[in-house]
There are 6 protein chains.
Amino acid sequence: MPIVTIDITKEGSTPAATAATAAEKAAIIRGVSQVLLDVLNKPLASTYVVINEVDTDNWGWGGLPALEYRRTLRDAA
Amino acid sequence: MPIVTIDITKEGSTPAATAATAAEKAAIIRGVSQVLLDVLNKPLASTYVVINEVDTDNWGWGGLPALEYRRTLRDAA
Amino acid sequence: MPIVTIDITKEGSTPAATAATAAEKAAIIRGVSQVLLDVLNKPLASTYVVINEVDTDNWGWGGLPALEYRRTLRDAA
Amino acid sequence: MPIVTIDITKEGSTPAATAATAAEKAAIIRGVSQVLLDVLNKPLASTYVVINEVDTDNWGWGGLPALEYRRTLRDAA
Amino acid sequence: MPIVTIDITKEGSTPAATAATAAEKAAIIRGVSQVLLDVLNKPLASTYVVINEVDTDNWGWGGLPALEYRRTLRDAA
Amino acid sequence: MPIVTIDITKEGSTPAATAATAAEKAAIIRGVSQVLLDVLNKPLASTYVVINEVDTDNWGWGGLPALEYRRTLRDAA
């Protein structure tokens, strides 16, 4: 009866997209549920997955809002 | 000082509704806080409840987005 | 398909107990699941409840570890 | 590698604001990450912070929706 | 920068085991991180996974502690 | 009424320690509650902090258990 919670930033994986698509979210749900079936033998029907999309302003990394920190990393590279 | 977090799908409980109503959310808060008072003697004033409404696209069950899985269950019945 | 997570301090509700008993935890599970059935018409079978017992050292309130803060409140009363 | 999740109500800290501002969220991220660096020596780059803004209807306190409970406290004062 | 939290009951996947093994937990971490790389192109290095093992007494399903509910399901089958 | 949840690995910050000390946890609680007072004007008395100490086996980073990934990083440096 696993419960999987996945926090991701609300961003597209391509320049055209501004958030994960329904197809991407379905693929995450399928993939993660399959891992729990493969490794722990948990039936798909008993796994819940919740995807929590978080505004980039609300995600901190490196002591900064995430987008700002990524810019810092890029500038340093 | 309990903290209760409740994840539900963003759906109405009646055909006309598209999400839990404010009255329903108030009833959940009241009911759950009362359970913690009754069972563990926690004062109402010390219990926090957070209701997290999740888009059905973001909720996985049975390895599928929740609505798709429910259709599968219905078709199998 | 609600998911309910309940954080409580690891303490007994009576002087003899050092933690919630199995019977108390079962009563919480029963009560909370019933609230979601009564209010949102969610079948018991689709609700998951996870109780997370937290050491009092790991719980902060009023800027202090919880037991210390409670002493402060009591002394102030 | 700490993960910090912060639930706050979606409200402004001034009468003009209806939610925490980007600057306030950045200050929370900075401050909380600094605490983990100061106390546990965790590098800023390894701390993630997620701020979860919760509608006041979805936040329970004292067995009531938060705003209603605050009114009760104010009236009792 | 995804954060994945996985709640599972503290049980073995074989009769001899009483909990997930370190190897099983490593396989879950590997598998889930890979899903996020494959689907959303998130680098492995930016994904955190936290596995939370929950005592079966602390897990509710069907309005009952999980083991009790499973017995009910088995008896009904 | 903020709720702050802090996941950290169960490790000491000095070679002699195997976990965060009570004093360190108290300092985290104090520091984080103060940030919410300073930035959002939230009274200390209304902030709850929960520190969740996670076994290093249960923490994934870079697709690996955390300690293994750190070794990889060190070897690569």
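A polar contact is a pair of N or O atoms within 3.5 Å; within protein, one must be able to donate a hydrogen and the other to accept it, and residues adjacent in sequence count only if both atoms are side-chain atoms. The model is predicted: local features need pLDDT of at least 70, side-chain atom pairs count only at pLDDT 80 or more, and totals for chains, interfaces and linings use all residues. Residues are numbered from 1 along each chain as its sequence is written, and side-chain values use heavy atoms, without hydrogens and water.

**View 1. Polar contacts between chain B and chain A.** Six residue pairs, both at pLDDT 80 or more, are in polar contact between these chains. Two elements of chain B, strand S3 (59–61) and strand S4 (64–65), each give two or more residues to the side that touches chain A. Strands are DSSP runs (E, at least two residues), numbered from the N terminus. S3(B) gives the most, with three residues.

**View 2. The extent of the interface.** Contact (heavy atoms within 4.5 Å) links 12 residues of chain B with 14 residues of chain A. About 1,100 Å² is buried between the two chains, and carbon and sulfur atoms give 55% of that area. Buried area is the accessible area (1.4 Å probe) that two parts lose on being put together, summed over both.

View 3. Strand S2 (residues 48–54) of chain A and S3(B) run antiparallel, joined by three bridges. Two strands pair if DSSP finds at least two bridges between them. A:Tyr48 has B:Trp61 as its bridge partner in S3(B).

Note on methods:
Chains lettered and ligands numbered in written order. Helix = DSSP H or I, 4+ residues; strand = E, 2+ residues; numbered from the N terminus.
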